[in-house]
Amino acid sequence: MRIHEWLYRILIRLYPADFRREYQAPIQQAFRDQLRNADNPVKLATLWIWTLSDTARSVTTEHLERWQSMKIAAYLLFVTILILLGRYELRTDDTGMVVFFILVSAFILTWMNPQRRWLWSFVGWCVPAAEQFWGEPLPGLPDLKSRLMLLAFVTFVGFLGSFAAALLKRSTTNMLPKT
Amino acid sequence: MTYLLTGGRSGISISVTDINAMEPLTPAVFHILLALADGERHGYAIMQDVAAASANTFRMGPGTLYGTLKRLLAADLVAEAGEREDPDMNDERRRYYSITPNGRQAVISEAKRLESLVRIARKKSLLGVPAR
């Protein structure tokens, strides 16, 4: 029985540290109790199949819950990174980089908070905003019309990125096990 | 009064402000509260009660059990009731849990909700002869 307990102790390492601190002992105790009742190889195999399934489900839930609580700090950090990357992107003067930057940013923000995907569609506005802030006008955009077209373009790209993330998030959320 | 429930398929916690307006309890939450309605239990006893009450159709492993208990404690639906030995189980010290008044109200509300759904199903003859 000791080897089974040892193996389960390794599985418990997958849980977040604070959860382990609080619940490792009673979780191991409950598993030991289950082991005592598994008095033949078939019951033991069934117990392990069940335990692996339970651990996968509950580890995912615990980590997702912690991710939720770190959202605000993650948003602030991400917006800061966006502004700095917007500054870098302006220097590259490459449309492909603009599109890639906005797509990835909108995708990640929407993944973190799908309910605000319409807001994240406007993440591309940080490009012309950074241009104004750092005083380096983008070449080929001398007048208001061309600047408005740029805003429309970055909004469209942001919408694509956030829409893709929302679709993918919905389909992966439906795959997560119930608690 | 605010509390957290695990709802939906993702297992993400949601907050609500009124017990009577809350979304349905998840099966794990409902079964744990039912098991504690009879009195204090330690973790393994809760697992056994749930398996017995559901005729082994619903089983919880230790990870799911203690994750749910953690959320129930945060939501004040369950309270810790100290540690002591269980003479029926090799005298190891075990952590006991009890249901709180909020938890009792939550499980009663959920039972009433399910009862009304069963009534509707009976009227539609989905469960055999409709009740009179």
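The legends below describe close-up views of a predicted model.

**Figure 1. Chain A, overall make-up.** Chain A holds eight helices and zero strands. Along the sequence the order of elements reads α-α-α-α-α-α-α-α. Of the 179 residues in chain A, 42% are buried. Among contacts in chain A with a separation of 6 or more, 67% are between residues 24 or more positions apart.

**Figure 2. Packing of α1(A) against α2(A).** Two packed helices are described by the angle between their axes and the distance between the axes. For α1 (residues 2-12) and α2 (residues 17-37) of chain A, the angle is about 150 degrees and the axes are 10 Å apart. The crossing of α1(A) with α2(A) is right-handed. On the α1(A) side the contact involves H4(A), E5(A), Y8(A), R9(A) and I12(A), while α2(A) contributes R20(A), Q24(A), I27(A), Q28(A), F31(A), R32(A) and L35(A). Sorted by class, this contact has five nonpolar, three polar and four charged residues.

**Figure 3. Packing of α1(B) against α4(B).** In chain B, helix α1 (residues 27-37) packs with α4(B) at an angle of about 115 degrees, and the two axes are 10 Å apart. Here α1(B) and α4(B) form a left-handed crossing. From α1(B), the residues in contact are F30(B), L33(B), L34(B) and A37(B); their partners in α4(B) are G103(B), R104(B), A106(B), V107(B), E110(B), A111(B) and L114(B). The contact of α1(B) with α4(B) comprises eight nonpolar, one polar and two charged residues.

**Figure 4. Backbone at N56(B).** Most residues other than glycine have a negative phi. N56(B), which is not a glycine, has a positive phi near 65 degrees. N56(B) lies in the loop that joins α2 (43-53) to α3 (62-74) in chain B. With a relative accessible area of 54%, N56(B) counts as exposed because the value is over 50%.

**Figure 5. Backbone at S125(B).** A positive phi, about 60 degrees, is also found at S125(B), again in a residue that is not a glycine. S125(B) belongs to the segment that follows α4 (101-123) of chain B. Its relative accessible area is 43%, so S125(B) is classed as partly exposed.

Notes
Residues numbered from 1 in each chain as written. Chains lettered and ligands numbered in written order. Predicted model: local features only at pLDDT ≥ 70, side-chain atom pairs only at ≥ 80, totals over all residues. Heavy atoms only, no water. Helix = DSSP H or I, 4+ residues; strand = E, 2+ residues; numbered from the N terminus. Buried < 20%, exposed > 50% of the residue type's maximum accessible area, 1.4 Å probe, protein only. Axes fitted to C-alpha atoms, helices over the stretch in contact; angles between N-to-C directions. Left-handed = near helix turned anticlockwise from the far one by under 90°. Contact = heavy atoms within 4.5 Å. Nonpolar A, V, L, I, M, F, W, Y, C, P; charged D, E, K, R; others polar.
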